[in-house]
Amino acid sequence: MNILILGSGGRESAFAWKLAQSPKCNQLFIAPGNAGTGQYGTNVNVGVNDFEGIKQCVLSNGINLVLVGPEEPLVRGVHDFFLNDEQLKGVPVIGPQAEGAQLEGSKDFSKQFMVRHNIPAAASETFTADTLQEGLAYLPTIGLPIVLKADGLAAGKGVLICATLEEAQQELKEMLTEAKFGAASAKVVIEQFLQGIELSVFVLTDGDNYKILPSAKDYKRIGEGDTGLNTGGMGSVSPVPFADAEFIKKVEARIIIPTVEGLKSEGIPYKGFIFIGLMNVGGDPYMIEYNCRMGDPETESVLPRIEADLVDLLLGVANGNLNEVDFAVSNKVAATVVCVAGGYPGEYLKNRVITGMENVRGSHVFQAGTTQIGEDVLATGGRVLAITSLQDNMFDALQQATADASRIYYDGCYFRKDIGFDLI
């Protein structure tokens, strides 16, 4: 098969690494890819939202299957674009159509979906500029701290946790009347804060059948001890120690089955990944959010633990027989440490030459924000590299990934040295 991956981050590097191992993968293309994905396949200079460019890439390279990495093209309808095109409709796309992608594309839609299907989640209400006064009246009723979520996609920055009522009032006004997050905050979900430990569970579904992928926990804050600004993710670990078989059974019964069955009952086709963001509250799972794709950097910790041919799993999704595909998960632990650019998540240093990747000993380097210029690999994005180690236990995996991250250098390189320490 010839396979096309859409995306350019660490997640797509991990997908490329895993797919390239399959004997069923003949040629692999990544659009647009990064300096690292080129070692697994061919990078194509086409953006993830350039649907006409993607079409030409598919037709000229005889692509048999497309795997969509990021959320934006899914929310914009890349899967629908394929289905509505005579030349493309026979090419399977892994990732939901736009209607299903609303699980991530609209916080209001996803919250209403949870209510309709009795999925345990934080109490919430949605407000617009026209109902601002009602929103302000609702704020004092749900306790502190207060969570405010922009309804639409906001590049991971549309969620605020307000410690005081006054802060929540000010932020709500800015989001609704001053477009703090652009069109994404035309609607705002005000949500109860859940006290617990966060984790993610990933599901791959063909719309009827599903496989539960390994659990993972990511670390969003820039500073050690979970301090400072939120980022796209500073590291991850898989599995999550407290997410034992009993806990995952609760997740399956209370969240996964109602989600898959709910989509079916509403006539929403869904072929792809469902990211289930959870809070463990006293041993019970509560929904925080859905994503319509795999997470980053969680993918870099999850995929190395999957002991199955990823092409077989994706074909199971495309053909609707995922239940017949063999699937196994390693008992080993994967830890991922993310190296970011100096200044990230604010204005950050760019175009710094990366050295030392060849010195990494017991980990895999998944490149993210990198570009190849001649012989040099340059750090061009905020999150630059994801260093993943697969070991027999959590301590060894964390120690190895952290040690290997320190063997890489570029001007301004920064990574957290305490990823996963809260789980040991």
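Before I turn to the first pair of helices, a word on how they are described: axes are lines fitted to C-alpha atoms, for helices over the stretch in contact, and the angles run from 0 to 180 degrees between N-to-C directions. Helices (H or I, at least four residues) and strands (E, at least two) are DSSP runs, numbered from the N terminus. What we have here is a predicted model, in which local features need pLDDT of at least 70 and side-chain atom pairs count only at pLDDT 80 or more, while totals for chains, interfaces and linings use all residues. Residues are numbered from 1 along each chain as its sequence is written, and side-chain values use heavy atoms, with hydrogens and water left out.

Let me start, then, with helix H1, residues 10-20, and helix H11, residues 310-319, whose axes come within 8 Å and cross at roughly 100°. Angles under 35 degrees count as roughly parallel, over 145 as roughly antiparallel, 65 to 115 as roughly perpendicular and the rest as oblique, and H1 and H11 are therefore roughly perpendicular to each other. On the H1 side the contact (heavy atoms within 4.5 Å) involves Phe15, Lys18 and Leu19, which meet Leu310, Val311 and Leu314 of H11. Sorted by class, this contact of H1 with H11 has five nonpolar residues, no polar ones and one charged, where Ala, Val, Leu, Ile, Met, Phe, Trp, Tyr, Cys and Pro count as nonpolar, Asp, Glu, Lys and Arg as charged, and the others, Gly among them, as polar.

Another helix pair is H5, residues 98-105, with H6, and here the axes come within 6 Å and cross at roughly 95°. H5 and H6 are therefore roughly perpendicular to each other. H5 contributes Glu99, Gln102, Leu103, Glu104 and Gly105 to the contact, and H6 contributes Lys107, Phe109, Ser110 and Phe113. The residues of this contact between H5 and H6 divide into three nonpolar, three polar and three charged.

Staying with H6, which spans residues 107-116, I would like to point out Lys111 within it. Is this lysine, Lys111, buried or exposed? With a relative accessible area of 7%, Lys111 is buried; the scale here is that buried means under 20% relative accessible area, exposed over 50% and partly exposed in between, with a 1.4 Å probe and protein chains only. Its side chain and that of Glu191 are joined by a polar contact of 2.8 Å, the term meaning a pair of N or O atoms within 3.5 Å, where within protein one must be able to donate a hydrogen and the other to accept it, and residues adjacent in sequence count only if both atoms are side-chain atoms. Leaving out residues up to four places away in sequence, Lys111 touches Ala121, Ala122, Ser124, Val189 and Glu191.

Ser330 is buried, at a relative accessible area of 7%, and a polar atom of its side chain lies 2.9 Å from the backbone nitrogen of Lys332. Beyond its neighbours within four places in sequence, Ser330 is in contact with Arg305 and Glu307.

Glu224, by comparison, belongs to the loop between strand S13 (221-223) and strand S14 (227-230), and is partly exposed, with a relative accessible area of 38%. Which residues does Glu224 touch, if we do not count those up to four places away in sequence? They are Tyr414, Phe415, Arg416, Lys417 and Asp418, and the side chain of Glu224 reaches the backbone nitrogen of Lys417 at 2.9 Å. Glu224 and Ile419 are 195 residues apart in sequence, yet 8.0 Å apart in space, C-alpha to C-alpha.

Turning to the strands, four of them form an open sheet in the order S11-S10-S16-S17, with antiparallel pairing. Its edge strands are S11 (210-212) and S17 (284-291), each of which pairs on one side only; two strands pair if DSSP finds at least two bridges between them. Strand S16, residues 272-281, pairs with S17 in the antiparallel sense over seven bridges.

I will close with the backbone, where a cis peptide bond joins Leu144 and Pro145, with omega about -10°, and a cis peptide bond also joins Tyr344 and Pro345, with omega about 10°.
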